[in-house]
Amino acid sequence: MTGHMRLGFHAPETEEELQHLVAEAAETRTPLEVMGTGTKRELGHPIGAGAVVSTEAMTGVTLYEPTELVLVAKAGTPLTEIDAALAENDQELPFEPVDFGPVLGYGPGDGTLGGMIGTNISGSRRLLKGAARDHVLGVRAVNGRGELIKAGGRVMKNVTGYDLSRTLAGSWGTLAVMTEIALKVLPAQRESRTIICFGLTDQTAVEALCIATGLPYEVSGALHLHADIAARMSDAEIADAEGAVTAIRVENFPASARYRASRVRQSLLAYSPALELDAERSKAFWDDVRALKMFQGRANPLWRISTKPTSAAKLIGNLLRTIDVRVAYDWSGGLIWVETPPLTDGGAVDIRRTLAELGGHATLIRADDTIRAGIDVFQPLDPQTAVFSAKLKHAFDPLGIFNPGRMYRDM
């Protein structure tokens, strides 16, 4: 193969076409921006790629066995199509993936299966059901040499050795281009009930959430919203409460969900639970959370911080001493969404300094190109991890053509 790769936008329809494109890019040293429909394109550092390769034309559910709880689909399949297929059989993606589209200027459900797994995006139910990568059974992908690689299968297996599927989950398109993904799915929850407390301080709310998740009632959502962002939620009673909102969700068959909700409510009497959302209102509330409605319609920088729940309230308290932030705690405080004012660094210096003291990781989710180009968007790696990550990158993509610099500038 000779010459130069044609620049511009490429949307191969088959693995063979993709292999040819990648092999040509490797030979001509052409950097490639890897994406699905582009709904997460503004995540990470800006990429100076010579060409774009999209999986948006590689779509369709190729295998779905509801009785085996297995679904296999091509990487470019829209999540709306996946959700619809599962809903027809009263099944769902158990990790409740966050939909970044609406906070980044795209429509709801516009993302793809590959984008969801490539970013390992998991929602509120992760604390009970695990992360996206925990439900990946197998993948097919094209590496940086243009070779087709396959891992896993269509059933859960305990194996030793290198877990390729989990490695690609959360790699943000920097290691390989996934073409097909096999997932473990689960029956949909029949009913959701949510207990609401109003006006709790951050520390008290985290205490309540940790107590709730420690109960034997399988709490599947543990959230605390600052008052100013709780006012952006769709539920009128919650939006008009003019106070912080703490929400605890339980799910199961209707009778069991209601029993569990009553037991959780009784266990939290000291925190003055004031409201119980019925099935319809509860579903709508957590749909808002999944779409990050509390941060939609704005352009301010938005961060995703993971830390220990016991450190969460102190972390935000320390931040509030220097910058005015809007905050949502999920996973009992283990995950914190932080909206900062439009500072020149998006609040990076204050956030990194606070994390250095208390521990945790921060990823910049939303900011303009100037901010993203000037700071570490992902949590800086310690030296040992950086060496391992560089070796992993070289093993999959030896010429460094996939999403160069998107996560870390030298990779």
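Reader: How many nonpolar, polar and charged residues does the lining of the largest cavity have?

Author: This is a predicted model, in which local features need pLDDT of at least 70, side-chain atom pairs count only at pLDDT 80 or more, and totals for chains, interfaces and linings use all residues. Residues are numbered from 1 along each chain as its sequence is written, and side-chain values use heavy atoms, with hydrogens and water left out. Ala, Val, Leu, Ile, Met, Phe, Trp, Tyr, Cys and Pro count as nonpolar, Asp, Glu, Lys and Arg as charged, and the others, Gly among them, as polar. On that scheme the lining of the largest cavity has 9 nonpolar, 13 polar and 4 charged residues.

Reader: What volume does the largest cavity have?

Author: A cavity is a set of points, on a 1 Å grid over the protein atoms alone, where a 1.4 Å probe fits but cannot get out, and lining residues have an atom within 4 Å of a point. Grid points are joined across faces, edges and corners, and the volume is the space filled by probe spheres set on the points. For the largest cavity this gives about 330 Å³.

Reader: Which element supplies the largest share of the lining of the largest cavity?

Author: Helices (H or I, at least four residues) and strands (E, at least two) are DSSP runs, numbered from the N terminus. Strand S2 (32-35), helix H3 (113-119) and strand S9 (177-184) each supply at least two residues of this lining. The largest share, 4 residues, comes from H3.

Reader: Which residues lie nearest the centre of the second largest cavity?

Author: The second largest cavity holds about 70 Å³ of space, and its lining divides into 6 nonpolar, 4 polar and 3 charged residues. Of the 13 residues that line the second largest cavity, those nearest its centre are Lys 40, Leu 79, Val 98, Asp 99 and Gly 111.

Reader: In which order do the strands of the open sheet of 3 strands lie?

Author: Two strands pair if DSSP finds at least two bridges between them. S2 and strand S3 (residues 51-54) run parallel and are joined by 4 bridges, with Leu 32 opposite Ala 51 in S3. The pairing in this open sheet is parallel, and the order is S1-S3-S2.

How values were computed. On a 1 Å grid over the protein atoms alone, a cavity is a set of points where a 1.4 Å probe fits but cannot get out, and a pocket is an open set with protein on both sides within 12 Å along at least five of seven lines; lining residues have an atom within 4 Å of a point.
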